[in-house]
Structures are given as C-alpha cells and as structure tokens.
Amino acid sequence: MHPNPALGVFLHWLGGLASGSFYVPYRGVKKWAWETYWLAGGIFSWIIAPWVLGLLMTRDLPAVLSEAPASTVFWSFFFGLLWGVGGLTFGLTMRYLGLSLGMAVVLGLCAAFGTLTPPIFRGEFMTQVLGTTSGRVILVGIAVCLLGIGAAGLAGIYKERAMSAEQQKAVIKEFDLKKGMAVATLSGVMSACFAYGLAAGDPIKALTLRHGTPVLWQGLPVLVVVLIGGFTTNSIWCLVLNIRNKTGYQYFSSRVREVDARVENETVIETAFDAPSREVAEQMPVMVENLPPITRDSAEQAPMLANYLFCALAGTTWYFQFFFYTMGETQMGRYKFSSWTLHMASIIIFSSLWGIGLKEWKGAGVKAGRLLALALVLLVGSTVIVGYGNYLGLPH
C-alpha cells in the first residue's frame, strides 16, 4: 500500500477528535473522586481496548510480542512509563503557571520534542529533514503549529484575566514562573516520550507485518506495550490518591461518604495527573497534605452501573486517539516523524471546539476570542502544510 498523506492527515484529525472529546463522558460520572473514575476509565484506555483491538485487527499478537527483542519491549514500556510521569508533572505545571500558560508551554515543548527527537536520534535530521524540500516544508508546518499553540495559550491568558478574582485565585494561587517553567519543561519532555515509545517499537511493527498484519494496523501491537507502561504509572498514582483520600471504597460500594477537607485558608490544595485539557476543577483531584479527611456516611447513592459505563466510554474514546494515530502514521511515508505535530495540533483544535460548544469561552472577551480564532486557523494550517510536505516527499 502506497502512503497517502491526505488520508494520514484525516486519520490524525480523527485521533485529535477522539482526544479532544474523551473527557466529555466523564462529565456524566457522579459521586466519584477523580482518581476513582480516572483509573476505572484508564483500565479500558490502557489495557482492555489495546488488547481487544490488537487481537482483532492484527495477526498472532501474543506470538509477535513474545518474539519481539527484549530490548525493544523494554524501551517501548519504559518510554510509556516516562510518558506517565509527564502527566504527573503536568498537574504541577497547572499549579504554578495556571491553565492557559501551562498548557501552551507543555504542549509546545511536547510537540517540538516529540516531533524532532526521533529523526535526530536516528541520524536523519540533517539529510532527510533539513536536506530536502519536503523536510523543510514540514519544519515550516511545525513552526506554524508552535505559533498556533502559543496563540491558544495567549487566548487562555486573556480568558483567565476576564475571570473573577475568586476564580483567578483558585487557578493560579501559587503562581511561580521560575518553578513553573522548570516543571513545564520536564512535563513537556516526558509527555513527548509517547512518541519515543512508538518509535522504539519499530521492530515490533516489522515483526507483525511478517506475521501477515495489514500495513494499516502495524502500530497496534506497539500500543499494547507502550500503554502498559502508561498504565503502570497512572495506576500507582491513582491508588496512592485512593489511599490518601480514602476513596478506594468507591470501586465497590454505591454508598457516598462526604469528605470534610480541613485546609489552611479554606483553600483546597490540588494537583493533577495526565489531566484532561479543560475545566481546572475537573483536572485537579483534591489532595489534602498531612490532614486526613473526616468522612461520614451519606444517604446518597453513587450510580455504579452508569459510572462504569461512562468510564468505559471515556476510556475507549481516549484509546482511539492513538488507534487512529498509528493508522495515520503509516500514511505519512518516510516523514512519519511529523505525525506527532499533526496529533498535537488536532488535539488542540478539537478540544478548543468542544470548549466553544460547551460555552467555556463565554465572557472571555474580544481579545481572547480573536486569539483563539487565530490559533485555530494556524493549527489547521499547520496540518495542511505538514501534509503537503509529506506529499512532496512521495515518489512521483
């Protein structure tokens, strides 16, 4: 099958749509703490969906993984583990820089490192990227994407300025530029490790092709390994929060225990881990440092079946971002490293559109609206430029 960059861009857009939409079902979860529904959904994201679709769409998945070189499996898993660390430090970035500036810095670094590091590591950057017209066009597309991310971040800053004093205090109470930039740099680099994990899994792709897997599905076995790494980090953190916040009972009991969190200045200290890209309150699960919560039974009942169904839907939707990502990557020819830029741009495009549709930008002001519109134009344009650069690299 010959590469088709136009199809590749479309598939990456589908992946971005899945990533920008996955958190919507979580809004239907009631009476559960963040750590509970994040892990419940994550089991579908990181374990069930990868294995089910891998078994259905590829050939001899268990045999392929058992035959893969141990070093390949290790590095794919390890980079998945580091990607999870990027999610943890993402929460601290929001704490010190605020939502909008933090998102712009982390996603900008993630896009740059995730896109450019693989060809540099392979020794292809000077010859295949800088040394060709198509490679230079792709670099222009990457630069436009970074400009779009910056415009989106600036739009968010203007939006935050339009918030009430109480809302601003809740979002950036602990603003610290120096500390925030250091954590954001770590988060951006670690979050880009997902791209490194997929690149490290190239021998697994070659192996599954030899077993008869169609080209379009060759990345699915690699996802199984990378996401086990992500599951390891995410599950450990969620279980730590379950223990600390005494919320582990929520997996098994519909009984609701109200929590009286005693915190200085009546402000809850919050953090996040691999958080979704919208409402700060939903991104940041409550963590009370050194003060155990006082719990009491409530007559209210958590809707267990509905909660698990919403978590399953959200988790499976999350997985589809990388399901379509690996498909799109197969269509980008020898410049498949550009897929990460397309992925990041598409995520911001669709999450921003969801934000507009859910009226999250209502009252943000004219400047914020114009900057958001500019960001969307730049990000859509970047996907077109990157796609065109890949088209130029095809044999004609």
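Is K205 buried or exposed? Keep in mind that this is a predicted model. In it, K205 is buried, with a relative accessible area of 5%, and the cut-off for that word is under 20%.

Let's stay with this lysine and look at its partners. Side chains of opposite charge can pair when their charged atoms come close. K205 forms a salt bridge with D202, where the closest N and O atoms sit 3.3 Å apart. Both residues belong to helix α11, which covers residues 202-210. They are 3 residues apart, so about one helical turn separates them. D202 is partly exposed, at a relative accessible area of 24%.

K205 also meets the side chain of E329 in a salt bridge, this time at 3.0 Å from N to O. Through shared partners, the salt bridges join D202, K205 and E329 into one network. As for the total, the structure holds 2 salt bridges.

Take V52 as one of them: you'll find it in helix α2, which runs over residues 34-57. V52 is partly exposed, with a relative accessible area of 42%. Patch residues need over 30%, so V52 clears that cut-off at 42%.

Note on methods. Residues numbered from 1 in each chain as written. Predicted model: local features only at pLDDT ≥ 70, side-chain atom pairs only at ≥ 80, totals over all residues. Heavy atoms only, no water. Helix = DSSP H or I, 4+ residues; strand = E, 2+ residues; numbered from the N terminus. Buried < 20%, exposed > 50% of the residue type's maximum accessible area, 1.4 Å probe, protein only. Salt bridge = Lys/Arg side-chain N within 4 Å of Asp/Glu carboxyl O.
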